[in-house]
Amino acid sequence: MLTRDETRTGTQYELYEELARQLTGIGAIKRDLARTLPPDCPPGSAAVLTVLDRHGEMRLSHLAERLAIDISVTSRHVAHVAERGWIAREADPGDGRCRILRLTPAGRSLLRELGVRYTAALERTLGDWSAEDVTTLTTLLARLRSSF
């Protein structure tokens, strides 16, 4: 565990300490944004659709890895979105015992709706921020993500 003595300066440690506090607050922001989701699309379902959109078709095991959650939890999320017709589960040509998951047109349509909802929520909340501030936040968050 990093202690103040192991950092170059106490001020540097305090900066990382404050960053940790602020990142903890991101969870509250994510929960608020999740409230914009349709009632039949909980956050786990939205995450499944987003990963499939971003990375293309894949097996359940690969999806679980991408989501960084247990395969049994992933399976429940997949069942939920499949029941609603947002994804298709088809036999894997390389191994008939496995299924390939892919977005359906209905799933893509829902993702567009979710994007509009999220964007509108951010616009309402950050509407008094300057374009420069929003750009700076976006740039720094992208940089933070790429560091992990």
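**Entry 1: the largest pocket**

I began with the lining of the largest pocket and sorted its residues by class: 23 are nonpolar, six are polar and eight are charged. I note here that the model is a predicted one. I then looked up the volume of the largest pocket and recorded about 1,700 Å³. The lining comprises 37 residues, and those closest to the pocket centre are I26, I29, K30, L33 and Y118. I next asked which elements give two or more residues to this lining, and I listed α1 (10-34), α2 (43-55), α5 (105-126) and α6 (131-147). The largest share of the lining comes from α5, with ten residues.

**Entry 2: the second largest pocket**

I turned to the second largest pocket, for which I recorded a volume of about 250 Å³. I wrote down its lining as Y16, L19, Q22, L23, G25, I26, I29, L137, L140, L141 and L144. The elements that give two or more residues to this lining are α1 and α6. I found that α1 gives the most, with seven residues.

**Entry 3: cysteines**

I checked for disulfides and counted zero.

**Entry 4: the chain as a whole**

How many helices and strands does the protein chain have? I recorded six helices and three strands. From the N terminus on, I read the order of the elements as α-α-β-α-α-β-β-α-α. The radius of gyration is 19 Å, well over the 15 Å that the globule rule gives for 148 residues, so I described the chain as more spread out than a compact globule. Along the principal axes, I noted that the C-alpha atoms fill a box of roughly 60 × 40 × 20 Å.

I also looked up burial and found that 25% of the 148 residues count as buried. Last, I considered contacts between residues at least 6 apart in sequence; of these, 48% join residues at least 24 apart.

How values were computed:
Residues are numbered from 1 along each chain as its sequence is written. This is a predicted model: local features need pLDDT of at least 70, side-chain atom pairs count only at pLDDT 80 or more; totals for chains, interfaces and linings use all residues. Side-chain values use heavy atoms; hydrogens and water are left out. On a 1 Å grid over the protein atoms alone, a cavity is a set of points where a 1.4 Å probe fits but cannot get out, and a pocket is an open set with protein on both sides within 12 Å along at least five of seven lines; lining residues have an atom within 4 Å of a point. Grid points are joined across faces, edges and corners, and a volume is the space filled by probe spheres set on the points. Helices (H or I, at least four residues) and strands (E, at least two) are DSSP runs, numbered from the N terminus. Ala, Val, Leu, Ile, Met, Phe, Trp, Tyr, Cys and Pro count as nonpolar, Asp, Glu, Lys and Arg as charged, and the others, Gly among them, as polar. A disulfide is a pair of cysteine sulfur atoms within 2.5 Å. The radius of gyration is taken over C-alpha atoms; the globule rule is 2.2 Å times the number of residues to the power 0.38. Buried means under 20% relative accessible area, exposed over 50%, partly exposed in between (1.4 Å probe, protein chains only). Contact means heavy atoms within 4.5 Å.
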